[in-house]
Amino acid sequence: MQLTYFSSLLAAALCLALASGALATTYYLDPSGGDDANAGDSPAEAWQSLDRVNAFTFQPGDRMLFRNGGLWHGQLWPKGSGSEANPIVIGSYGPGEARPVIAGEGRAFEAVRLYNQQQWEITGLEVTNHSPEGRAPRAGVRVLGEDAGVLSHIHLRDLVVHDVNGHFREGRDGGKCNAGILFDVIGSQVPTRFDDVLIEGCRVYQCDRSGIKTWSDWHRWHKQGWAPYTRLVIRGNVLDDIGGDGIVACIATAPLIEHNTASRCNARSGDHNVAIWVWETDDAVIQFNEAYLTRTTNDGQGFDIDGMTRRTLLQYNYSHDNEGGFVLLCETGHPSPGFFNDGSVVRYNISQNDRARIFQIGGKVTNASIYNNTVYIGEGQGDPVVVWHNQDGVWPRGVRYANNIIYNLGAGGYDLGQREDVVFDHNCFFGRHAESEPQDAHKLTCDPRLVNPGTGGLGRDSVAGYRLQPDSPCIDTGVLMSDHGGRDYWGNPVASGAAPDRGAHEFRKEEAKR
Amino acid sequence: MSAAAMSLLLLSLVLSSGFAEEASPPSEAYAGAGPSPAAATGDDALRPRIIPVAPSAYESVPGQSLTMWVAKINGEPISVREFERRVLRNRAAAATYFAQKHQAQDSAEFWTTSFDGEVPSQWVRKKALEECVKIKIEQILARDKGLLQDIGYAAFLQKLDRENERRRKALAAGEPIYGPQQYGEDEFFTYVHNNMLIELKRRLGQHELLPTEEELQVRYQADKDKLYDRGYRIRIWEIEVSYLQREGEPKPLTREAAKAKIEEARVRLDKKERFEEVAPDYNEDKTLLERTMDENSQRTDLNRTPEAREQALKLEEGQASPVFEENDACHILFCLEKDKLGYRPFEEVKPNVAANCVEDKYQALVAGLVAKAKVEINRPVYENTQVR
C-alpha cells in the first residue's frame, strides 16, 4: 500500500518535472568527434549522426546542439514536441564561425523537417538542399502539418538557407511550395493550422522557386472551412537571388511581414512572381521592408496584395529598381463572391526607379486606398506607366489615389481603362505631364521641392532626399485621410485633425531647424 | 587599439543584441525588445549569431586578417578575412560535392584528405578565389566610375559598422528602420554590392555599353518568342458542375454526382447538340458561362485555373474540350474564338530589350576582364586560411 503511494508520488513528481522541463537535457552532435554509442549529453559524449538524432524523441525543454563547423548529409527530422513553457530548441555550440551545415543533397523533399510537431525553436543552422541530378519539388526547411488541429509555436531564427534547386513548376501550388523555408498544411480530415509562427533573422539565397512561403490545403474554399495561420510573423530576414517569389504569406489572419529585405527575386523561374506579397489573408500588415531588383515584367513588382485578401496594409516600405514596378493589387474577375481584394491600403511608401508600371491594379479590386506615397521615376528608366489598371474579367472598382507625389522624369503616362469610381485627389504630379495624366480637383503640378530626389541608395538613410523642403507646396496641402496610421515614412507624427502634407514625408518645423 | 581591432570589437558587441521572442503585433519601430530564449538561459551557444566574429588563424595579431592578403587581383589585395568569408560561403557546396562524388563524410581529416586527387580545402579555396576575383574586378570598375573610393575590405567593414550603429541608435530612439535590425557581414556585403551594381550598370549602359539599334533589334528577335509573345485571346463558353461546399451555402453534389451530371452534358454534345443550348441546363445559374482568356488574365489563369488554361489552349474554334476537373468542379470548355495576339511591338518593350542587352554586355565585359586579370596568390597565407 505504502509502496503504491510512493510510486504514485514519484510518478506525479516525474510528470511535474517533465512538464516544467526540469529533466530537460542538452544533447550534442559532432560529426568528427562524436559517436552514436555515446550518451549524447555532453560535448565529450556527443552523438555523431543525423540518424541518431532522427531516431530520438525529444522531451519538452530539451536542446539539441550541433557543433559549429560540422557537416551532415541528408535529412534532419528530430521527433517529439515541446510544451508551451518548455519548447525544444535546436542550436549550435563550439568555437569557430562556420555554422553547422545540413546538406540535404536532394535525398528527401526537405533537408530539415518537422511533421505534426509543435513548440520548437530552431536556430543557428546552415541548410542546403541541392541535388546534382537537377530540379525537383524540394525545400530547405519544411514544417508540415496534417490533420492535427492547431500546431503552435514554431520559431525559426538565424538560419542560413541556400542552394535549394527546387522545380519551377512541379509540386504543390504549381511549384511555388518549393522554397527555402516552407510551412505547409495538407490533409482533409481535421482542420489544421499553425499558430505562433516566427521566421526571423534568417538569410535565404539561391533558392528556387520561392524564398519563404506559407501554404495550406485549408484554404477559404475548403469543404470544411478555412483554417488560416494565426500569429504569423516574418521579420528581419534577408533574401537574395531567389528563382521566383521572395516572401509569400498565404492563408493567414493578420500576418505581419516586416523589416525584411528581398533582392533579385524572380531571377530564374520565368513565371509570375513578386518579391513580397500576400494571398488569402485578412488584415495582413507589410511594413518597413525593402524590395529591389525583382526581375522581369511577369509581375516582377516589389510588393503585391493579391487575391482573396481583405484590409491589407502596405506601409513604410522602400521599393526600388524592380523591373515590374512597385506594387500590384489584383484579383480575378470571377463573378463568385469568393473572389475579392477589398480594402487594401498602400500608404507612406517610397518607390524609386521602379519600372514598367509603378501601380498596377487589376481585376476585382474594390475599395483600395493609395495615399501619401512618394514615387520617383528618373530619366532613362524605361518610361514606366505610372498607374495601370487592367481588366481581368472586371475592372477595379473604387480606387482612391490621394496625397501622392509622382515625380516623373520619364515619358510614361496613365492607363486607367474603364474607370469605375476611380478618384484622384490632392496628388502632386511633377515632371513630364503625359496627356493621360488624370484629372484631380486639387492637383499640384509645381515642383514638390523634395530635398534631393533620385538619390536613394542603401537603406532608409539614403532616402532622406525624399523629404520636403521648408518651402514645399506639399506642406499642409493634402487631404485628411481617416485612420491614416499617425506617422509618416520617417516616423514623424501625422495629425488626425489637420490637413497632412502630400507624399511620404510629414514636414516638421523642428526638422528644418536642425 | 587599431581601427580594425576596434571594428571587430564593435562587431562583437553587436552579438549581444537578441531578437524578439514572441510573435508580436505590428510594432511602432522594431519589435526587438524581448530577450531571446538563449539569452534567458545564459547559453552563448544559442544566441543568434547576427555577425560572427572571425577567430581566424590570422587574428592572433588583432586586425591581421584585414591587413594580410591572400591574393592580389590586378594589384588590389584580397584580405584574409574577405577571402575566408567566401570560403565559408562555399563550405556547404564542398560538402555536397565531395559526398556526391566521393561519398566523403565529415571527419577530423575531411578538409585535408585527398579524394582521388581532389582535396576539399583546395576545392573550396579555389571556388572562393574565383568569386573574389570577379567581385574585385567589379569593384575596380566601380572605382573607375567614381562609385567607390576604397575597395578594401576594411572600408567595407567600417561601412557595416556605421550602418549597424545607425540602426541601433534609430531603434533606441524609437525611429523606424527598414530591413533587418542589424545586418550580418555577408548579407550586408551582398546588399552593398547589389546596389553598387545597379548604379554601375546604369552608368555603363548610358555610355560604354550603350546598345546600338542593331544590337537591340537582334536581341529583340532572339527573345521575342520567349519574352514578348502575347499569346492568344480565347473566348470560351463553359459548363461547370461544382461539388464545392461554400461557406453558408447548401450542400452541393457529391463528386460522383457531379461527374455523372456533366457526363450527361458530354453525351448531348457528342450527339451534336449545340453547346449554347446544352450549357444552361447544367450551369448553376442556368446561363451560358462565357469567359475570355488573354494576356490580361494570364496570371490569374495560371494561378487559379491552370488546367482550364491548358485545355483552352489546345482547342480550335468550334471545338469542345473533354471533361476535366479543377477547383472542386467538373468542366467542359467550348472555344468560341481564338486569336493569336502576336508579339509586343519592339518600341513598347525597348526598355526591357535594352536592359537585357546591357546585362549581357556587362557580363561579357566582366568575363573578359576576369580572364585577363593578373592574379597573384600569396601561397603561404592562402594555404593557411581557415576552412573549418
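# Close-up views of a predicted two-chain model

**View 1. Interface of chain A and chain B.** About 7400 Å² is buried between chain A and chain B, and carbon and sulfur atoms give 49% of this area. Buried area is the accessible area (1.4 Å probe) that two parts lose on being put together, summed over both. The model is predicted: local features need pLDDT of at least 70, side-chain atom pairs count only at pLDDT 80 or more, and totals for chains, interfaces and linings use all residues; side-chain values use heavy atoms, with hydrogens and water left out. Residues are numbered from 1 along each chain as its sequence is written, while chains are lettered from A and ligands numbered from 1 in the order in which they are written. In contact (heavy atoms within 4.5 Å) are 102 residues of chain A and 77 residues of chain B.

View 2. Four salt bridges are found between chain A and chain B, the criterion being a side-chain nitrogen of Lys or Arg within 4 Å of a carboxyl oxygen of Asp or Glu. One of the four joins Arg85(B) to Glu97(A), with N to O at 2.4 Å. Polar contacts between the two chains number 16 residue pairs, both residues at pLDDT 80 or more. A polar contact is a pair of N or O atoms within 3.5 Å; within protein, one must be able to donate a hydrogen and the other to accept it, and residues adjacent in sequence count only if both atoms are side-chain atoms. On the side of chain A that touches chain B, strand E4 (residues 88-93) of chain A gives the most, with five residues. Helices (H or I, at least four residues) and strands (E, at least two) are DSSP runs, numbered from the N terminus.

**View 3. Three-stranded sheet of chain B.** Strands of chain B in the order E2-E1-E7 form an open sheet with antiparallel pairing; two strands pair if DSSP finds at least two bridges between them. Strand E2 (76-79) and E7 of chain B are the edge strands, each pairing on one side only. From one strand to the next the twist averages 25°. Axes are lines fitted to C-alpha atoms, for helices over the stretch in contact, and angles run from 0 to 180 degrees between N-to-C directions. Strand E1 (residues 69-73) of chain B is joined to E2(B) by four bridges, and Lys72(B) has Pro77(B) in E2(B) as its bridge partner. Helix H4 (residues 80-102) of chain B lies across E1 and E2 of chain B, at about 60° to E2(B).

**View 4. Surroundings of Asn378(B).** Asn378(B) sits in the loop between strand E7 (375-377) and helix H14 (379-383) of chain B. A polar atom of its side chain lies 2.9 Å from the backbone oxygen of Trp69(B). Apart from neighbours within four places in sequence, Asn378(B) is in contact with Trp69(B), Val70(B) and Ala71(B).

**View 5. Four-stranded sheet of chain B.** The order E4-E3-E6-E5 (chain B) describes an open sheet of four strands with antiparallel pairing. Strand E4 (289-293) and strand E5 (324-325) of chain B stand at the edges with a single partner strand each, so one side of each is left without a neighbour in the sheet. Eleven bridges pair strand E3 (residues 232-242) with strand E6 (residues 329-340) of chain B; Glu240(B) is partnered by His331(B) in E6(B). Helix H12 (residues 306-314) of chain B lies across E3, E4, E5 and E6 of chain B, running at about 45° to E6(B).

**View 6. Backbone geometry in chain A.** Asp208(A) and Arg209(A) are joined by a cis peptide bond, with omega about 0°. Arg209(A) is in the loop between strand E14 (203-208) and strand E15 (210-216) of chain A. Glu280(A), in strand E21 (residues 276-282) of chain A, has a positive phi near 55°. Most residues other than glycine have a negative phi, and most peptide bonds are trans.
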